[in-house]
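Try each task before reading its solution.

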Amino acid sequence: MSLFTSTRRKIIPKPHTSVPAGPINPSAKVRLNRNWLRGSFSTLFVIGMLGAIAAWGHATDWTLPKFSALFFGGKNAPNACIVDGEGWCQEHNVPEAICIECDQKLVPPLPDYGWCAEHGISECPLHHPDIAQLKETPHISDQDFQRAHRALALLPRAENSSRCKNYQKRIQFASVEAMDKTGLDIAVVDQAPIIEALCANGEIIYDQTHLAHLASRVTGTVWRVENQVGQPVRQGDVLALIDSADVGKAKADLLQAITGVRLRQENVTRLQPLAAEGAVPGKQLREAEAALQEAQIRLLSAEQTLTNLGMPVETDQFDRLSTQQIAKQIQFLGLPATITAGLEKDATSNLFPLRSPLDGVVVDCKVVPGESVDTTATIFGVADLTRMWLMLDVRQEDAGRISFGQPVLFQASDAKSQPVAGNVAWISTEADDKTRTVKVRVDLPNPDHKLRSNTFGSGRVVLRDEPSAMVVPTEAVHTDGDCSIVFVRDKNFLQDGSLKFFHVREVRVGVQDGGTSEIIAGLLPGEVVACKNSMVLEAQLLKSNLGAGCACCAAAKK
């Protein structure tokens, strides 16, 4: 048999099972019907829902419910064209008989003055004050135009699109009660001072031109500390006394130089008449005069050494004193009388006074009596606290707007402290290689010494200080992407029988500080704007822009 011979599988047919003839059992028939109904229920449900949607779409002309209709409810229901026998404008959510948008003869729209390129808005009330919603047409002064010009010229402002036509719309309420249901609140356009500034983090430090880091001019040991940290000092006050052998040696050299000059002067004086008479050779006189000059040079050197130590001395005052008297005079050389009065007569003559070079306060003291000091270690710090420096880290892109003399307000990180005012005194010519910020120095007056060095906080470089800017609550301003708008209440809103609506007004927004926004152009003082819950008016405006409309208004227009 070949290896590739396959085995054929024999298929054996199943025996045929026939349904026995005879009547069907009733219980089995019921089970069959239930299974059929259960399997068809989901299909029937879907078909029913599609039919209901088709019927609803045919009845509503396939228009979605309006937001304002859902919000108000009742007779404003989206499918109600006739309610209680009164026509209702679904698009504008007011009775059709008083809808000023559908029938503009009821309240003619304001004159359309179009786009104002100077202020970047449509319907500019600065150029056309007659559109202001005030009882009387306001007077626009040169100060109003200058205020707007300063704000627009200082920094780039958010721009409006000249194609935006929202200003042509008006948002109407059926009644004051309908407006109250929305929770809408109003605010009056006011004038208030505003400050526009660049903010930067900063740190207060001592005025580096009025800060002294003091080291001893001589090596030695601290004999006594006269002033501690926190004590005020005047220029020349002694901070500490240093016991230094170098000082004693300098005084001894001075005394020796004075004695040497005196001896050589006496020798020259004695030889001069003798040399004139020929009793002594002239060479001997010349040698004595040379020795006198050398002694005088040593005396000048000794005087200069003491002067360099801050203890100047005039040797002419010692001409009539003996050597012992001169020694007593220079024993406490350089020390004030207030200190020498308490010193014993046999006290060391090695005392060196470390003095304050300026008026101020001792801010650092690193020594105690008996401690060794040298000329390289800083042991005292004195600062004039009446002036401080504020060092700001300003972003590179903002540094170009800063100039010398600009006012600066500094608020320390401690919120309880009051802001401190100063002026820009220096602008760095380079940017930090790590932070990419520019250092700006501000001089801060500190007459009461309340400012402390190493205090962090925020500085505001004032770019514009406007005493009478127009301001409104920030929640009154809305942006739809093309323009910034506010809703201005009609000037006849409160009159009996008047129609209740708001005008849509384009505005140019300036400084926004917390809950207040500056309006550069677009409003005038005294006008009333919607603020709290004014998003209801914005929603109605957006719905009108969609152009959905209602069947009743469309039919009425036909």
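Buried means under 20% relative accessible area, exposed means over 50%, and partly exposed covers what lies in between. Keep in mind that this is a predicted model.

**Exercise 1. Classify arginine 224 and its salt-bridge partner by accessibility.**

Step 1: Find the partner. Arginine 224 forms a salt bridge with glutamate 226, and their closest N and O atoms are 2.6 Å apart.

Step 2: Apply the cut-offs. Arginine 224 has 32% relative accessibility, so it counts as partly exposed. Glutamate 226, with a relative accessible area of 26%, is partly exposed.

**Exercise 2. Work out which parts of the chain the salt bridge between glutamate 101 and arginine 170 ties together.**

Step 1: Check the distance. The closest N and O atoms of glutamate 101 and arginine 170 are 3.2 Å apart.

Step 2: Place each residue. Glutamate 101 sits in the loop between strand 3 (94-95) and strand 4 (115-116), while arginine 170 belongs to strand 6 (residues 170-173), so the pair links parts that are 69 residues apart in sequence.

Step 3: Judge the surroundings. Glutamate 101 is buried at a relative accessible area of 16%, and arginine 170 is buried at 7%.

Step 4: The structure holds 17 salt bridges.

**Exercise 3. Find how the buried residues of helix 3 are arranged, and what they pack against.**

Step 1: Take the dimensions. Helix 3 (residues 142-154) has 13 residues and reaches 18 Å from first C-alpha to last, close to the 18 Å expected at 1.5 Å a residue.

Step 2: List the buried residues, which are Asp144, Arg147, Ala148 and Ala151.

Step 3: Recall the geometry. An α-helix has 3.6 residues a turn, so residues three or four places apart point the same way.

Step 4: Turn to the other side of helix 3, where Asp142, Gln143, His149 and Ala153 are exposed.

Step 5: Find the neighbors. The buried residues of helix 3 pack against strand 21 (455-473) and strand 26 (516-521).

**Exercise 4. Describe the nonpolar surface patch that includes Ile53.**

Step 1: Name the members. Phe45, Val46, Met49, Leu50 and Ile53 make a patch of about 490 Å².

Step 2: Locate isoleucine 53, which is found in helix 1 (residues 26-60).

Step 3: Read its accessibility. Isoleucine 53 is partly exposed, with a relative accessible area of 44%.

How values were computed: Residues are numbered from 1 along each chain as its sequence is written. This is a predicted model: local features need pLDDT of at least 70, side-chain atom pairs count only at pLDDT 80 or more; totals for chains, interfaces and linings use all residues. Side-chain values use heavy atoms; hydrogens and water are left out. Patches are made of residues with over 30% relative accessible area and no salt bridge: like charges are joined within 9 Å, nonpolar side chains (Val, Leu, Ile, Met, Phe, Trp, Tyr) within 5 Å. Accessible areas come from the Shrake-Rupley method with a 1.4 Å probe; for residues, only the protein chains shown count as cover. A salt bridge is a side-chain nitrogen of Lys or Arg within 4 Å of a carboxyl oxygen of Asp or Glu. Helices (H or I, at least four residues) and strands (E, at least two) are DSSP runs, numbered from the N terminus. Buried means under 20% relative accessible area, exposed over 50%, partly exposed in between (1.4 Å probe, protein chains only). The expected span of a helix is 1.5 Å times one less than its number of residues. The arc is that of the directions from the helix axis to the C-beta atoms. Contact means heavy atoms within 4.5 Å.
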